[in-house]
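Biologist: I'm new to this one. Can you walk me through the aromatic rings?
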Amino acid sequence: MTDNRDSDTLTLVDNSFGRLPDHLLIEIFIRLPVSEWAQISCVKKQWASLFLGECLWQAALMRTFPSASQAKRWPGPIPQGLSKRRFAALYVGKHIFALDNEIDEIVGHTYLFLKEQLELSNMPPPSGILHGTIIADQFITCGKSRDVAHELASQIWLAVLDNLEENQHTFLLLKRLALEGDVFLPFPYSRSIKVQWRVFEKLFTDFRDCFDQADYFDVLAIAKNKFQPIPSAWLGF
């Protein structure tokens, strides 16, 4: 009896939502936690199409980040994108970097750009080129000092490295970053020592079991050349 009542309730709710126009559904959805949006979009094809469209993301952008409607100069080659991309960038700026100022969207877009370059590309550009793009074309262009640009780029690198999926692709990526030869670049275009350290730290902790013996000792030799002393936890194949 209870199962039938629950089924009738779900049917009534489904029918009620099914009669709502898209603009009211959008107003409901954008008031729900962002963490639930992916699950909601899987309930019905109609709802999935709303999350694929521009209208929902534009409404979510204006509700969650009202300042996004203000016209801002957009420097650099990394595109600003449509509302969904802008929402993701601002969400990253606020929740990963705890920013709430004029550069939060630029930081978010730069994080997304770097993460996609590293995760989705089978052969991403050398890290020096990526770092130079982030430094010169995004932050210095929008008026940040060399010191601030270098620190922002380092924070973005560290956040991306910490949020890469733990899989074979990431292991091969980190190993390639560790084995990259040192190319002399003037400050602030060189990667910070903090970023280089994090690459080796993740390899020797999160991905130790992925090494074969030859690769392990090759990477360890480079680590010893870069850092002195190195943590004892990195030693021992």
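Modeller: Here is a short tour of the ring pairs. This is a predicted model, where local features need pLDDT of at least 70, side-chain atom pairs count only at pLDDT 80 or more, and totals for chains, interfaces and linings use all residues. Residues are numbered from 1 along each chain as its sequence is written, and side-chain values use heavy atoms, with hydrogens and water left out.

Biologist: How many aromatic pairs does the structure hold?

Modeller: There are 21. Rings of Phe, Tyr and Trp (its six-membered ring) pair if their centres lie within 6.5 Å; planes under 30 degrees apart are stacked, over 60 edge-to-face, the rest tilted.

Biologist: Why does the pair Phe29 and Phe51 count as stacked?

Modeller: The ring planes of Phe29 and Phe51 sit at 25°, so the pair is stacked, with centres 5.7 Å apart. It links distant parts of the chain, 22 residues apart: Phe29 is in helix α2 (residues 22-29) and Phe51 in helix α4 (residues 45-52). Helices are DSSP runs (H or I, at least four residues), numbered from the N terminus.

Biologist: Is Phe29 buried or exposed?

Modeller: Buried, at 2% relative accessible area. Phe51 is buried too, at 7%. Buried means under 20%, exposed over 50%, partly exposed in between (1.4 Å probe, protein chains only).

Biologist: New topic. What kind of pair do Trp197 and Phe227 make?

Modeller: Edge-to-face, because their planes are at 75°; the centres are 5.0 Å apart. Trp197 lies in helix α11 (residues 193-205), and Phe227 in the segment after α12 (213-226).

Biologist: And how accessible is Trp197?

Modeller: Trp197 is partly exposed, at 28%. Phe227 is buried, at 5%.

Biologist: Which residues do ring pairs link into a cluster?

Modeller: Trp197 and Phe227 are among them, along with others including Phe171, Tyr216 and Trp234.

Conventions. Helices (H or I, at least four residues) and strands (E, at least two) are DSSP runs, numbered from the N terminus.
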